[in-house]
Every structure is written in structure tokens, then in C-alpha cells.
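Student: Please give me a close look at a single part of this model. Start with the whole, then go in.

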Amino acid sequence: MGHFYFGLEEEVFITEPEKPTLQSLYYLARLLWRSPGNHYTHTASNFTRGKDIWRGLMGGVEISTRAWTTPEEVIADLAQRRRELGKVCPGLIVPVGHLFNEAAPTSTCGMHIHLSGFADMETAYHNLVYFMPLLILLAINSPFDGGSYFGQSYRLANSFAVGPLRLDRRHRFQDLIYSKRLGTLEIRVFDPVWDLNRIKLILKCLEAILRSSESYPGDVERYNALRPKIAQKGYIPELQAFYRDLNRLVPLPEELFFNTPASIVHQLWKKNGTLATYSALDNAYRSGELQPQKLLPMHQTWLRVVLGFGGYYLPKMPYILRKAWSEW
């Protein structure tokens, strides 16, 4: 069996201090002009839509890796891109699927994993569908809705950018798609998470699933029935059979699925509140330590906003339009 290829797109919020501002574009501009070859096609900006615009126009920002043949290479690339983002960004980098005090389904962040290199697309698709209800929990991380506890993932339940699986696998806004632009299978369901070890474990699980000689019964209707329960409650009894099958491929402790990132963040929030939890997530994203840090003063300047539009968004416009055309 030949090489599989893995690529990862990570979306995160930059808050100053509680909400994103258009200064996020200025930080992306700084990143772009430091290394255009690395960041022109491997960064992106997201904006809110519809009625969510009244809560603020800026959404998350995206960094992405190149395509690699091993999980270790993907993680090394992602870690480097995180360091580069951290160097240009004085705001809080918050890796969650949805901000705590918002109720904005168009302002969400995800972690997308692209997979390619397998000979049998149909088997790969169904095997991924079979295990996805379980794998979701390794990175599920969107526990709040409008300042109140929602469950495990508000984003999974409400975001416009994901959704139940459809017969048309090319439809963009569902949990697993066939990417028209890249020719990959793209898993869109994961929330962003600070913990690189969890991301590496997800990649190792995906590699083992794709290399397995088994054909697993990935049933779309069953998956669609499970996803709202998982979004609310997490590791439900129906997932234990999936865990036993996955554990034969990749031995891993069941505790990882009980103690999800969303559960960890919820407990941190109950102890420290929103801003301190954002600070802890920023610290974990940059250093690996999930501990709150002292907040420095933050403010928005229109000069930075203008420089962001002129230095990032305008130069990227041809690529943005070409990408949107190819995806649709």
C-alpha cells in the first residue's frame, strides 16, 4: 500500500479581548508579507454573515499545512505555523468552535483534515463515516451558546458550515465531503483544539482506518442520527461499539472520549470566567500550558484595519475568488 497524504486547515478566533476585530486582517498581512510563499495560499480570513454581522463583521482566521505523508510531519508543520501566527498577533488566539458569549452560527471555527492517496474512494468514505461519530470527540470544543452552557459543540449543532451527510458528497457544507477543488476527502466536522497531541492522535487514527483491510459499515443515516446527540451529550452509550473497533486498530484510553476538550474548557470557565479561559487557551495554543495569563491592554486602531485590508485582503482577492469558484 502506498502513501496517504494528510493536510490540515485550522481556524481560530483572535479576540481583543472578548471579540474578534478587523485588526485580525492586519495580523494576517504581517504574516503574509514576512513570507508570501508560505502564507499566500496557506492563510485565510472569515467573516460573519446575515444577521450575525450586527454582532461584528470579523470571524476567525485560518492557517493551513502543506500535504504530508505522516501525522508527525503534519504536526511539525502546524506547530511552526502556530508559532509564526503567535509572533505577529498580540491578541488572544482562541481555538474553540464558537465564542462563549455569542449565538452566531456564521461565526464559527473548524479544523478540516484533507485525505488522499487511497485507491478505493468508496471504502475510504464509508470507513471514515463509520468512525467519525467517535473521532469527533477527540477535538469537540464548542461548549457555549450566548453565555450559557450548550453541551459539547454548539458549532456541530448549529453552524452553517457543517451538517448532516448528504447523497451529494460534493455539497460543501456537510461534515465529510469530496473536495472538488483538491480532489480529497475533507473531514470538516472537527472543532479546533489547542492540544497538538490530540490532533496527532486523530491523524494516527485516520491513518489506521485508511490502512485497514476491513470494510466497515459506514451508514449515513445512522451517522446523521447520532450527530445531534453527540453535539449535546458527547460520549453516549451507542459509541462504545465504535470504540471497541477503533481500539483494535489504535489502542487508546477510553477516557479521552469522556474527558473531551469541551468538558475541560467548561470546567476552566466555571472556575475562571470567560476572559481568563480565553487567556488560558491562548497560552495553551502558544506554549502548551492551559493556564490563564495576565491580560495586556488591547485596543483597535483604524490604521491597522486599513493596513489589514490593503496589505492582506486586497492582494488575496484573486486567489479568494478563484478558490470560491473551484469549490462551488
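Tutor: Of the 328 residues of the protein, 55% count as buried. Keep in mind that this is a predicted model. Twelve helices and nine strands make up its secondary structure. The radius of gyration is 19 Å, close to the 20 Å that the globule rule gives for 328 residues, so the protein is as compact as a globular protein of that length. Along the principal axes, the C-alpha atoms fill a box of roughly 55 × 45 × 35 Å.

Contacts come next. Take those with a separation of 6 or more: 75% of them join residues 24 or more positions apart. The accessible surface comes to about 14000 Å². Carbon and sulfur atoms hold 56% of that surface. There are 37 positive and 31 negative charges. Their mean positions lie 5 Å apart.

Now the part itself: helix H3. This helix covers residues 71-88, which is 18 residues. From first C-alpha to last, H3 reaches 26 Å. That is close to the 26 Å expected at 1.5 Å a residue.

Ser-24 sits in helix H1, residues 24-34. Its relative accessibility is 0%, below the 20% cut-off, so Ser-24 counts as buried. Beyond its neighbours within four places in sequence, Ser-24 is in contact with Ile-14, Met-58 and Val-61.

Arg-227 belongs to helix H7, residues 220-233. Is Arg-227 buried or exposed? With a relative accessible area of 8%, Arg-227 is buried. Not counting residues up to four places away in sequence, Arg-227 touches Leu-156, Val-162, Gly-163, Pro-164 and Asp-175. Gln-300 is 73 residues from Arg-227 along the chain. The C-alpha atoms of Arg-227 and Gln-300 are separated by 39 Å.

Technical notes:
Residues numbered from 1 in each chain as written. Predicted model: local features only at pLDDT ≥ 70, side-chain atom pairs only at ≥ 80, totals over all residues. Heavy atoms only, no water. Helix = DSSP H or I, 4+ residues; strand = E, 2+ residues; numbered from the N terminus. Rg over C-alpha atoms; globule rule 2.2 N^0.38 Å. Buried < 20%, exposed > 50% of the residue type's maximum accessible area, 1.4 Å probe, protein only. Contact = heavy atoms within 4.5 Å. Areas by Shrake-Rupley, 256 points an atom, 1.4 Å probe, with all protein chains shown as cover. Lys, Arg positive; Asp, Glu negative; His and termini not counted. Charge placed at Lys NZ, Arg CZ, Asp CG, Glu CD. Expected span 1.5 Å × (residues − 1).
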